[in-house]
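Subject: Structure handover

Hello,

Here is the structure we talked about. Please load it and keep it open while you read the notes below.

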Amino acid sequence: MPTAAIIGASRGIGLELARQYAADGWRVHATTRTPQRPGALGEISGDVHIHEIEVTDRAQQRALGAALAGEAVDVLIHNAGVYGTWMRTATVNRINAEAPIEVAEALMDAVQRSEQKKIALISSQVGARRGSARSLGKYGDSKAALNDRFRAVEGDWRAAGCLAVVIHPGWVRTDMGGSSATLSVEESARGIRRVMAELDASRHGRFWTWNGREHPW
Ligand SMILES: NC(=O)c1ccc[n+]([C@@H]2O[C@H](COP(=O)([O-])OP(=O)(O)OC[C@H]3O[C@@H](n4cnc5c(N)ncnc54)[C@H](OP(=O)(O)O)[C@@H]3O)[C@@H](O)[C@H]2O)c1
């Protein structure tokens with residue numbers, strides 16, 4: 001069976017992605033900042049391996065790359081992110097815009113060893129600059145910066161043999177999305193997995209929604 005790596009799987013969409021891939025029989029590498037207290041992640045049955053990473057920590061990025069050195073990661077999904085209401089702008093950017101690229105590059109060897117070689121960075125529709133005259137806010141700015149950074153590296157990632165996209169997961173009922181959101185984590189994760197299953201060279205380098213639509217950016 002193929003292997004998935006889900007970065008930021010302690011709760012919300014990331015936890016559900018880990019659960020669904022494991023339920024389908026995939027080998028799953030799932031990360032949390034608190035492996036000593038894995039919570040619901042520790043209760044997933046199947047071929048699940050829990051790793052520690054605070055995504056902004058360069059040493060932990062390298063350690064995760066080393067931990068997966070013998071692995072082949074078919075699908076890498078960088079899901080970790082913050083809304084960051086009470087955080088400094090620089091911290092929100094570090095987590096949402098810089099870390100996803102750094103973590104993906106730290107795991108690039110493991111992705112390249114795999115058959116599928118697919119990468120997704122979870123972004124947000126509020127990071128789409130096109131059509132937005134207003135300020136995007138701290139969170140939207142950080143996701144727009146992530147999209148910009150992705151556009152800057154996707155050519156190199158393609159040349160390295162990978163297929164990579166950014167994905168808007170929908171408005172999802174999680175700690176971040178709140179209870180009024182329109183989608184369950186099950187629906188969002190199912191959609192993201194479908195986008196990844198259908199990812200081919202013609203779809204690489206673009207911005208997709210959980211339900212398979214291309215998003216303007
Ligand atoms: N929910 C929505 O409606 C929505 C809409 C658009 C985009 N998104 C994006 O979708 C992704 C997942 O969102 P969600 O709703 O599932 O959020 P969530 O329930 O708040 O979960 C966020 C996840 O990211 C992890 N994380 C945050 N900062 C981290 C860091 N510095 N290092 C490592 N892990 C970190 C959290 O770990 P801890 O448990 O350790 O905090 C948690 O596992 C995010 O990128 C978010 O921006 C969500």
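This is a predicted model: local features need pLDDT of at least 70, side-chain atom pairs count only at pLDDT 80 or more; totals for chains, interfaces and linings use all residues.

A polar contact here is a pair of N or O atoms within 3.5 Å.

Start with Tyr 139. An N or O atom in its side chain is 2.6 Å from an oxygen atom of the ligand. For the side chain of Lys 143, the distance to an oxygen atom of the ligand is 3.0 Å.

How much of the ligand's accessible area does the protein cover? On its own the ligand has 890 Å², and the protein covers 93% of that.

Next, the site. The ligand sits in the largest pocket. Two or more residues of the shell come from each of these elements: α1 (12-23) and α5 (137-159). The ligand is surrounded by 28 residues. Ser 10, Arg 11, Arg 33, Tyr 139 and Thr 174 are the closest. By class, the shell divides into 12 nonpolar, 11 polar and 5 charged residues.

Now the rings. The structure holds 5 aromatic pairs. One of them joins Tyr 83 and Tyr 139. Their ring centres are 4.6 Å apart and the planes stand at 35°, so this pair is tilted. Why does the pair tie together parts that are 56 residues apart in sequence? Because Tyr 83 lies in the loop between β4 (75-78) and α3 (89-106), while Tyr 139 lies in helix α5.

One backbone item to finish. Lys 117 has a phi near 55°. That is a positive value in a residue other than glycine. Look for Lys 117 in the loop between α4 (108-112) and β5 (118-122).

Best wishes

Definitions and conventions
Residues are numbered from 1 along each chain as its sequence is written. Side-chain values use heavy atoms; hydrogens and water are left out. A residue is near a molecule or strand if one of its heavy atoms lies within 4 Å of it. A polar contact is a pair of N or O atoms within 3.5 Å; within protein, one must be able to donate a hydrogen and the other to accept it, and residues adjacent in sequence count only if both atoms are side-chain atoms. Accessible areas come from the Shrake-Rupley method with a 1.4 Å probe; for residues, only the protein chains shown count as cover. On a 1 Å grid over the protein atoms alone, a cavity is a set of points where a 1.4 Å probe fits but cannot get out, and a pocket is an open set with protein on both sides within 12 Å along at least five of seven lines; lining residues have an atom within 4 Å of a point. A molecule sits in a cavity or pocket if more than half of its atoms lie within 2 Å of its grid points. Helices (H or I, at least four residues) and strands (E, at least two) are DSSP runs, numbered from the N terminus. Ala, Val, Leu, Ile, Met, Phe, Trp, Tyr, Cys and Pro count as nonpolar, Asp, Glu, Lys and Arg as charged, and the others, Gly among them, as polar. Rings of Phe, Tyr and Trp (its six-membered ring) pair if their centres lie within 6.5 Å; planes under 30 degrees apart count as stacked, over 60 as edge-to-face and the rest as tilted.
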